[in-house]
Number of protein chains: 2
Amino acid sequence: MNVSRRATLTDVAHEARVSIKTASRVLNGVETVAPHMRARVLAAASLLGYRPHRGAATMRSGTSDMVGMIIRDMSNNFYSSLAAGAADEAQKHGCLVITCSSEGSSEREAQLTEAIFSQRPRGLLITPTSMTAPLICTEVSFGTPVVAIDEPLEGLDVDSVGFDNLLSTREAVTAAVSIGRRDFAILSDSAALRTMAPRVVGAKEALAAKGLRVRPGMTIPDIHTESQARAATARILSLPRPPDAIFCANNVSALGAAAEIHTSGLNVAIVAFDEFPLSHTQNGPVLVIEHDDRAMGAMAAQLLFDRLADPGRATRHIVVETALRIH
Amino acid sequence: MNVSRRATLTDVAHEARVSIKTASRVLNGVETVAPHMRARVLAAASLLGYRPHRGAATMRSGTSDMVGMIIRDMSNNFYSSLAAGAADEAQKHGCLVITCSSEGSSEREAQLTEAIFSQRPRGLLITPTSMTAPLICTEVSFGTPVVAIDEPLEGLDVDSVGFDNLLSTREAVTAAVSIGRRDFAILSDSAALRTMAPRVVGAKEALAAKGLRVRPGMTIPDIHTESQARAATARILSLPRPPDAIFCANNVSALGAAAEIHTSGLNVAIVAFDEFPLSHTQNGPVLVIEHDDRAMGAMAAQLLFDRLADPGRATRHIVVETALRIH
DNA sequence: CTGTTAGCGCTTTCAA
DNA sequence: TTGAAAGCGCTAACAG
């Protein structure tokens, strides 16, 4: 037994004194093999420390066991939970997920789609940007399934999972108004995120329904780090007449707002699109739009495998449930 | 132009009226190609929407552009930050990272190593368990580099990155004692995590040095979710004589402890191994052992690529810096 | 139930 | 500088 080289299927077949095809069948779990040959192959594989070469199998069979995933920011809890859920579901189908973080850069997104498609994955899960469609349309035309997560994929009719951003926000802000909050500031992320506009609109609609409005300058865009959120909140709260509530359109802005509200000692309510750690330990009321991100990631993967099983079926757009939780 | 099939290198060569090898050279950036041929190939590739098939290249050349990564829990911020850092560094080397979550199950860990090595990755980054070594030793003997992250990989001499758990904890607990805290509880994770013992020892050593000790029953093991931490903390704080400080040996336990301390209204200090959101908004003092997890992940990947460049070099064990921060 | 043959798309080797 | 041929490890298609 020579350990200096990786054992191939041919080596195993040789060792077991069977044909390479029989070895292949055994190691792929094909039933129609005589028990004594199966045993011989298994013994040989184990003896030689055989490990299949999926790349070779992929090349020949045309189907790999990988699913690509491109998310906006792997170190953001929302996106990493999506990835965790997708990986769970993929594992049920014997697939690995290649998860990459585009960091919001469309240049990097282009590189990553290129790199991922070069692996000939079963499909792609992506939190798309407005630049995504042209990157993937060729591949989609070859029948590779793509699922859009969180944001819509404009210009391409693919399966998707996402929230009803407008409705859930309207409901949450309405609840905040009903407990007496009238004067809102809004911390929003980049307008390039398609989820942001409906959230902001939802908030403003809820206010308008009660005859309220957001004062000029109190809608702060482009908040995508906690420290930006802290700076913006600190500025707002130090105004002569600070707001009595802040709607935080993403998870990092809620953390930053909570931190500064605590520092200021003011009683300011938080309405947050995402649950955040220690949200129930704040002084002012906290209204949170809860959602199960891990389940959302799993759902996206499920749509992908569903389509693989039935390529002709109509595209589906899943609206993930949210729940309002008041701390 | 027929779009019904993916273009191969042969198609491109054909279209450009050059040999397949010349097309290969151009698309791999080999310099020794006449400019006019290069231009023809590039035009053809673009016309046909050519996308290379990395699996085929891997098979022939023997080296892939993937790095495997197995972490304990993708939805835990510590691990996802490691993954983000590793992905960054890998991208600099033109590699993709396949990140998988073992969920602390050694069975799943075994499946994942199997699946990942089947892809013939350049190397593996792993937060190992006590069961890891036998899973990877064959592959290591073939020269595939493995880097252990956070925990040591027992029984195998591989590169690693990790903390000085004992020393940093001792320092933090010493600081807590010096601000008047004497009576500690300890929330620890599973003893299977090799990082836990030194942290607990470090804490106890710091106390012993001041003539203090942890009361029997006040060292709680196996805390790995926030709700477990909350339950344990609630129980401890409702004792007739609650502690005046809690050492939280991982990030989720700190969140749970903070939540319950807030609810109880007691002045209990937190010493936490990891920074946590809103740590500065707690009533009691919070002492945090800070570390840059993203940099740690990047460092691990760097060790991997270093070794790829110089397979013979001695193994390196990087101790990642930590800093004590007092809120 | 088992084996043979061909070839997936690419890179390597070697020759021109 | 360019090209022809071989073959990486595996599976599909077809025989036996």
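Which strands of chain A does helix α9 (residues 196-209) lie across? Helix α9 of chain A lies across β6, β7 and β8 of chain A, and runs at about 175° to β6(A). Such angles run from 0 to 180 degrees between N-to-C directions, with axes fitted to C-alpha atoms, for helices over the stretch in contact (heavy atoms within 4.5 Å). Helices (H or I, at least four residues) and strands (E, at least two) are DSSP runs, numbered from the N terminus.

Before going on, note that this is a predicted model, where local features need pLDDT of at least 70 and side-chain atom pairs count only at pLDDT 80 or more, while totals for chains, interfaces and linings use all residues. Residues are numbered from 1 along each chain as its sequence is written, chains are lettered from A and ligands numbered from 1 in the order in which they are written, and side-chain values use heavy atoms, leaving out hydrogens and water.

Now look at the sheet itself. It is open, with six strands in the order β7-β6-β8-β9-β10-β12 (chain A) and mixed pairing; two strands pair if DSSP finds at least two bridges between them. Its edge strands, β7 (219-220) and β12 (323-326) of chain A, each pair on one side only. Strands β6 (184-187) and β8 (245-248) of chain A are parallel partners over four bridges.

Let's turn to the DNA. Around DNA strand D there are 24 residues, counted as near if a heavy atom lies within 4 Å. The largest share, five residues, comes from α4(A). A phosphate oxygen of DNA strand D is 2.9 Å from a side-chain N or O atom of B:S19.

How values were computed. Polar contact = N/O pair within 3.5 Å; in protein donor to acceptor, adjacent residues only side chain to side chain.
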